[in-house]
Amino acid sequence: MYDYLLPEFLVERREDSCIRCRVCERQCANNVHLYDTELDRFFLSEKDCVGCQRCVELCPTGALYVHPRLADYRPNSSWTRDKMQNLKKQAATGGVVLTGSGNDKPYRVYWDHLLLNASQVTNPSIDPLREPMEMQTFLGRKPDTLKIEFSEGKAKLASEMCPNVPVQIPLVFSAMSLGAISYPAFKSLAMAAKETGVLFNTGEGGLPVEMRDEYADCAIVQCASGRFGVDLDYLNSARIIEIKIGQGAKPGIGGHLPGEKVSDYIAQTRMIPRGTDALSPAPQHDIYSIEDLSMLIYALKEATNYTKPVSVKIAAVHNVAAIASGIVRAGADIVAIDGIRGGTGAAPLATRDNVGIPLELALASVDKRLRDEGIRNKCSVMAAGGIRSSADAIKAIALGADGVYIGTAALVAMGCTLCHKCYTGKCNWGICTQNPYLTKRLNPELTSQRLINLLKGWSHEIQEMLGGLGVNAIESLRGNHEHLRGVGLEEWELNVLGVKGAGE
Amino acid sequence: MLVQKYYQNERFVPDKEMDACGLFGVMHTGGVRFGGQMAIDAIKNMKVRGSGLGGGFAIYGLYPKYKDYYALHIIYQNKNLAAKKVVEAFLKKHFYVIFDEEIPTNPDIRLFAPPLSWRYFVAPQKSSAEEDVPDDEYVISKVMHLNSEIEDAYVFSSGKDVGVFKGVGFPEEIADYFMLDKLYEGYIWTVHSRFPTNTPGWWGGAHPLSILDWTVVHNGEISSYGANRRFLEMHNYYCTLHTDTEVLAYAVDLLMRRQGLPIEVVAKIFAPPMWDAIRHMNDNDKELYTALRMTYAPLLMNGPFTVIVAHHNEMIGLTDRIRLRPITAGAKGELVFLSSEEAAIHAVCPDLELAWTPPGGEPVVVRLHTKDHLQSLNKSI
């Protein structure tokens, strides 16, 4: 049956430059380039091109050019090309339209409407190259007050502290499970986290046993609805345990790792039979209410003898502030909010593009609610979903986040070009696939260095901006809305963000 | 000046005021009371640090005759007698007023819009419902009510045996106006000269700011103001004067009075050691300082500041942790000085025995009948 789908990309080859080395053919898992030796020419299957630019980047003579084919149909603002293509796909298959990565719809990106402050005259800006500029942050529950005893004039801490985990930079790699991403990609994240003194999140796919000695100390392990790979050793080897309730890219629904991706290694790590589908149900089937969540939180704390903070990750939805408050009262030490632009390995397009709310608004209202209730110190707030740059990260902190999860940005640093085809398992960059031919394209030694560089670059930029604001510790910016101003926003948006307009 | 007020949205919280200032404090550690000449001459010596838009004095050991009673200094803006009537009716209902009088002023000194200033010596008169409320909390709540509910009336100070005199003008003009050099003696004098950059002066905005017997004078701009303010709001302190000094005053009240932490610890909350320094401490200190920074991170006062905090028996000088604003300490016999500039100390005490500059974040704690202030001498730069 014809699928009546037009190609999404146009592939052009400059014949005078092409040396017939056939790199493009070998690199493309979608079989776009086919070389006919007898005719000595390439044939193109443009329809299969996803625009990942792998062939373009690797072509030694720069002979290839891949660009989007946009306006094939009659231009129509309502019935856009995307909408029509999706209808045709569904007409052909009767299925759910799948997609990967984060929401690409033009919802307002509030980061781009928030501007930072800087010092002039009345307080000096600080040069981070000359003065210390502190970014260490502790994730976990803080007490209301401290008891301090004095003996012989020496002060001594008398309170018992809840477990807190330091990160050298308030940037943490988001949950990306082994299975969703490849082993080299997973390992690269772990290596970079270890090297830079931050954390990586295992996602719900477990943590391979042989990685635990070296990397468990910088791991956040997830306990999600599928409970893959969860056992006592897994929980006890981590720094933080995260209960995953929801994901910004697909709030309210679960996940599905197809059986063909469940290799021996992944089966072992997830503790499921090889080749079986790994299904994560939409809810956690032991959590149907807030008191159930509380029981799981304390079950995990009991299992780890109260030595680790427990985080609860939720998708940013309409009443996120009230939910977050309940989560803190239920005993969570960290609340992670994942906004509508958060990424995913696979999600129904309709859900990804239409469910949830932007992180910025959710974060500001959660922070405000927790303060109004006087419980902000009882938890750390992590912001996730669509943090693209150091500027987004620092604005998230100024809006009230303790730390920032970065997922998509890390993938891009590893090579991802956001082709949105993560769900096909044919990632030419070796990131979101289990095909050994593709995954060996990533060398963790090199890829982790790219991630380290990314964190280093961001931390320099954050330090410069902090110094410009006249503060030398990140905590002085946390929740400090005085240093943010909005531009081009409506009044209700400014109200929700709790930020004044520029010039106000 | 505690005023409880809730803004529906943070967008509507007014901008904070910015100012730079001159500070001076002098204390007799033997508790001997002395006149105001030194404080006045010292602040005069630092005239360029003020702009005539605010000056004020706090004096401890001021009213020995009434030292068991709360001394309320209340001003009535625009000499509003109607406000005075309302205030006095309120005082009569909630306090025993032992004695009251107009604060004497010198009519020859012309200042910008001087208010009517009155002082009341009072003891709490609690209703049966409020019997369990401690005296201090009781007085604070009533002072808050007066400040927020009665227009044109402001309580400048409310402690026992202490008083604040302040207004719009250079501090020496304020001193002349209230005749501080002639009428009063105390064992601690702190004084402030103000250089606001974005607001005209008003009498309530001058320093010192005070709650009970706590007073704060401050120089600098706290860049972490928003973070500090939001944390204090969680503890029901609502900042309405929008000066940095206000967050400092409330933070001092929260940590020292309500949570009972000593100033040596509080100084390490406002101006904590760097993480790098903490890493090199012994285990006991590492644990303590890590917990302090973690727990009280929102009370780190970031940006340039110097502050002189005083209450009975104690005067404390502190500068920010990278010493972006100056403070100098000096001592002669039992007199201990804190000042924005060393020259001001020499001007009033030519035969000074010691002068030192404490490092950033290291408090100079001057305590009655002790030599605690010398602890910072060993660490001076």
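Buried residues make up 55% of the 381 residues in chain B, where buried means that 20 or more other C-beta atoms, placed from the backbone, lie within 10 Å of the residue's own. Bear in mind that this is a predicted model, with local features needing pLDDT of at least 70, side-chain atom pairs counting only at pLDDT 80 or more, and totals for chains, interfaces and linings using all residues. Residues are numbered from 1 along each chain as its sequence is written, and chains are lettered from A in the order in which they are written.

Staying with chain B, we've got 12 helices and 16 strands; those are DSSP runs, H or I of at least four residues for helices and E of at least two for strands, numbered from the N terminus.

How confident is the predictor here? Mean pLDDT, its per-residue confidence from 0 to 100, is 89 for chain B, with 93% of the residues at 70 or more. The model as a whole scores ipTM 0.89 and pTM 0.91.

Okay, over to chain A. An automatic or database domain assignment divides it into domain 1 (9-95) and domain 2 (137-501). Their C-alpha centres lie 35 Å apart. Where they touch, domain 1 gives 10 residues and domain 2 gives 8, a contact being two residues with C-beta atoms within 7 Å.

Now the inside. The largest nonpolar core has 254 residues, and A:Leu189, A:Val335, A:Ile337 and A:Ala383 have the most contacts inside it. A core here is a set of buried Ala, Val, Leu, Ile, Met, Phe, Trp, Tyr and Cys residues joined through C-beta atoms within 7 Å. Both domains of chain A give residues to this core, so it lies between them. Take A:Ala383: leaving aside neighbours within four places in sequence, its contacts include A:Ile337, A:Leu359 and A:Tyr405.

Last bit, the two chains together. Chain A puts 41 residues into the contact and chain B puts in 36. On the chain A side, β9 (154-157) and α16 (491-497) each supply at least two residues, and β9(A) has the largest share, 3 residues.

Methods:
pLDDT is the predictor's confidence in each residue, from 0 to 100. A residue is buried if 20 or more other C-beta atoms lie within 10 Å of its own, exposed if 12 or fewer, and partly exposed in between; C-beta atoms are placed from the backbone.
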